[in-house]
Amino acid sequence: MFGRKSKSDHPRPDENFEPYEEFSGIPMPVYWIAIALAAWGAFMLYDTGKDVTLAQDERVEERAVQISADQGEGGNLFVANCSTCHQPDGEGLRGAVPPLAGSEVLAAGPEIVARILLRGIDGPIRVGGDDFDGHMPSFASALNDDEISRIASYVTLTFGETDAKLDPKRVADLRHEVGDAGSFAGGAELATIVTSMPPQPPHPAPTAADAMTATVQDLVFAGRDDVWACASCHGDLGQGGENTPRLAGQPAKYLTKQLNDFRDGTRDNESMQIVAAGLSDAETAALGAYFATLRATSNASPNLSADLARGERLALQGDWSLGVPACFTCHGSSGFGVAPDFPALAAQHAPYTASQLAAWAGGGRQNSPLGLMSQISQALSSQDRRAVADYLASLPPVPAGRTASAQEGTSNAE
Amino acid sequence: MPNDPKSRESDSSGGKHTARNIIFAAGGGLALVALGSLVVELGLAPAWLTGEPVQKTAMAQKPRDDLFHPPDTASIPDDEFGAAVQRGMAIFTNTGTNASDHVGNGLSCSNCHLDSGRQPLSAPMWAAWVAYPKYRGKNKQINTMEDRVMGCFTYSMNAQGSPSGGPPPHGDDIYRDLESYFYWLATGAPTNEKLDGSGFGKVEKPEQGYDLARGEAVFAEDCVVCHGPDGQGQKDLNGRYVFPPLWGADSYNWGAGMARIDTAAAFVKHNMPLSQPGKLTDQQAWDVAAFLDSHERPKDPRQKGSVEETRKAHHDGDETFYGKTVDGRLIGVGMQASAAAKAPEED
């Protein structure tokens, strides 16, 4: 109203007109919109900033509350963390995952179970007369002392019929004691502390030493001209961080293909294209083989403050109404990956996973076989992409982590 | 923010208009903010404004609203019946472990009945449940659901190679649990009606028939990445099948429906590659189905005498390589179930 009136006044100055007073040439609605936009912008800035700073804390709190509310019982923890592989009834998977029910290991009590949960197993193991190629992740990064004590007590009570309870404080001691021992070198190492175990198959010598040629060592730790040292961004153990992907334990051929794709421009990334341009075919193959043998504990965390339950659903079941099958249908039942074309997803950094999904969706990345990832990413909303990235970051890495550096990583093999 | 106009107020040497202008401008601006946030909160804002559009994959692009929707797994009741449904679902998705005594290969029900038996045109179990009992030409009798599932174990799961050497006997708990799961999936579905989306659909045989060389090319292009260059599927680190084997000792036997080219072509056309159904033409689907069903697999458990006798008795008129000779090799002699085909090792 006022705006219109002043406009109609415009050609005829009123009596109090002073020469220094200018007429408002801008209609009032323009002010409204400008002020509305300014207020909105300020709010968004405030809101985003608050999200970034508080999200992590909130997540930790929420998780704590959730755990105490509905996951407090060892049984629920077991179902959530163990049953994908060992099955809800503890029978394991024929030819793939050892049974817990009747396992000789459980007779040794919950403390052994806690040690295995903290360290994981990486090597052949004989349980109940059957041999398994054991690859169990370390849950040290995924579970706290209380959770580990509950699972260990539950497992030994349910499947080992030993009703000893394990104190969370004892788990804290164990966590300290285990330190950076890395995963158990198969049943052979486990048998040295579990006397009830039958004779175990021999543990093959780790291959990290073979893969670590002089060329690889130079490239990884020193770099060469435009080829920056891999470790300078991806870490000494290929563990990565935030937007830099975790490489440790990825299929060798997958890593080599990515390096070759950077080099010939099939995959887009400014830094990696410069690096890969200086590498020969033999070197990309050697680097792939090297990082595939590395073992690193998880340093990823679900830090995108997305919906973890939704992410879990997408990973385990998919959303077929969007035409999206479960991630694990192709990437393996626990996100372990399937060599050579399907990378491991477990313990990958959430910002990296989310950014790659966004790149698939937007066409910035197009090097997946059959264009599978492009279609699937386009079907996911940005919330879904962040949700699944967060969930995957919360998983334990496979193969199990070994925190001692790769060169000296053979020291704990018996 | 109202700060800016207010500071302008102090600059202007006291025009009433300016003061009122500022108040009106600020008021109007705040009203716009309030209105805008209300629209967004109520979800009235168009999608292009609030977020990017989502493009469903081909697997979802068919109009789905006319199809039956099974209930969400979260709604499985928390009682004795619900426990049976859960057990049935576990058997369905992890058959080799949860019905291990009767599985003689590396497959699970859910390898062909996708999305745990929920996906239309991959023989969804909600559609099967309301179609039984029915007469089947395969065994020339009325089949109950239990009879039908027994057939699945006998042929698709190659029970002859399992530890027990046969399918679960009639009355076994495995049938109770599986049927509980199917019954629950069909919650609200009309009985004795052929529902849209049932079976694998039908893909007419193309004019050019089918050709193994063309099929091999399709296989190399669209199937190898998951099922492996030798069709033997792929396993994860622990040796667990992630992608099922399509032929060989660890796959379905010669008595399975999927060993018929027309059935396999319909499944492939409507479901493969996973998340990209419909990518292959009818011709390509038939060619690749013929290619994978021309490979040797465990023998037909009904075979008593020669392959030719079995062909006459059980495969006459079928679209199958059973009993034919390819490159001088008689197809259908079968292969022994073994600890079976190993997944390609990473090197």
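Start with chain A: it has 19 helices and 4 strands. Helices (H or I, at least four residues) and strands (E, at least two) are DSSP runs, numbered from the N terminus. This is a predicted model, in which local features need pLDDT of at least 70 and side-chain atom pairs count only at pLDDT 80 or more, while totals for chains, interfaces and linings use all residues. Residues are numbered from 1 along each chain as its sequence is written, and chains are lettered from A and ligands numbered from 1 in the order in which they are written.

**Both chains**

Color chain A by burial. Of its 414 residues, 46% are buried. Buried means that 20 or more other C-beta atoms lie within 10 Å of the residue's own; 12 or fewer is exposed, in between is partly exposed, and C-beta atoms are placed from the backbone. Now show contacts (C-beta atoms, placed from the backbone, within 7 Å). Among those in chain A between residues at least 6 apart in sequence, 71% join residues at least 24 apart.

Switch to chain B. Here there are 15 helices and 6 strands. Buried residues are 47% of the 347 in chain B. For contacts in chain B between residues at least 6 apart in sequence, 69% join residues at least 24 apart.

**The A–B contact**

Select both sides: 52 residues from chain A and 45 residues from chain B. On the side of chain A that touches chain B, the elements giving two or more residues are α1 (2-9), α2 (28-70), β2 (130-136), β4 (324-325), α16 (327-331) and α18 (372-379) of chain A. Highlight α2(A), which gives the most, with 10 residues. By class, this side of chain A has 33 nonpolar, 14 polar and 5 charged residues. Ala, Val, Leu, Ile, Met, Phe, Trp, Tyr, Cys and Pro count as nonpolar, Asp, Glu, Lys and Arg as charged, and the others, Gly among them, as polar.

**Cores**

Next, the nonpolar cores: sets of buried Ala, Val, Leu, Ile, Met, Phe, Trp, Tyr and Cys residues joined through C-beta atoms within 7 Å. The largest has 73 residues, and those with the most contacts inside it are B:Ala265, B:Val268, B:Val288 and B:Ala289. Center on B:Val268. Leaving out residues up to four places away in sequence, B:Val268 touches B:Leu280, B:Ala285, B:Val288 and B:Ala289. A second, separate core of 40 residues includes A:Leu100, A:Ile116, A:Ile121 and A:Met197.

**Two helices in chain B**

Select α11 (212-222) and α14 (282-292) of chain B: their axes come within 7 Å and cross at roughly 95 degrees. Axes are lines fitted to C-alpha atoms, for helices over the stretch in contact, and angles run from 0 to 180 degrees between N-to-C directions. That makes α11(B) roughly perpendicular to α14(B). Angles under 35 degrees count as roughly parallel, over 145 as roughly antiparallel, 65 to 115 as roughly perpendicular and the rest as oblique. Among the residues making the contact are B:Leu212 and B:Phe219 of α11(B), and B:Val288 and B:Phe291 of α14(B).

**Helix α14 of chain A**

Go back to chain A and pick α14(A), where 10 of the 13 residues are buried, so the helix is largely enclosed by the rest of the structure. Those buried include A:Glu283, A:Leu287 and A:Phe291.

**Last stop: A:Gly240**

A:Gly240 sits in the loop between α11 (230-234) and α12 (252-263) of chain A. A:Gly240 is buried, with 21 other C-beta atoms within 10 Å. Not counting residues up to four places away in sequence, A:Gly240 touches A:His234, A:Gly235, A:Pro245, A:Arg246, A:Leu247 and A:His349.

Notes: Contact = placed C-beta atoms within 7 Å.
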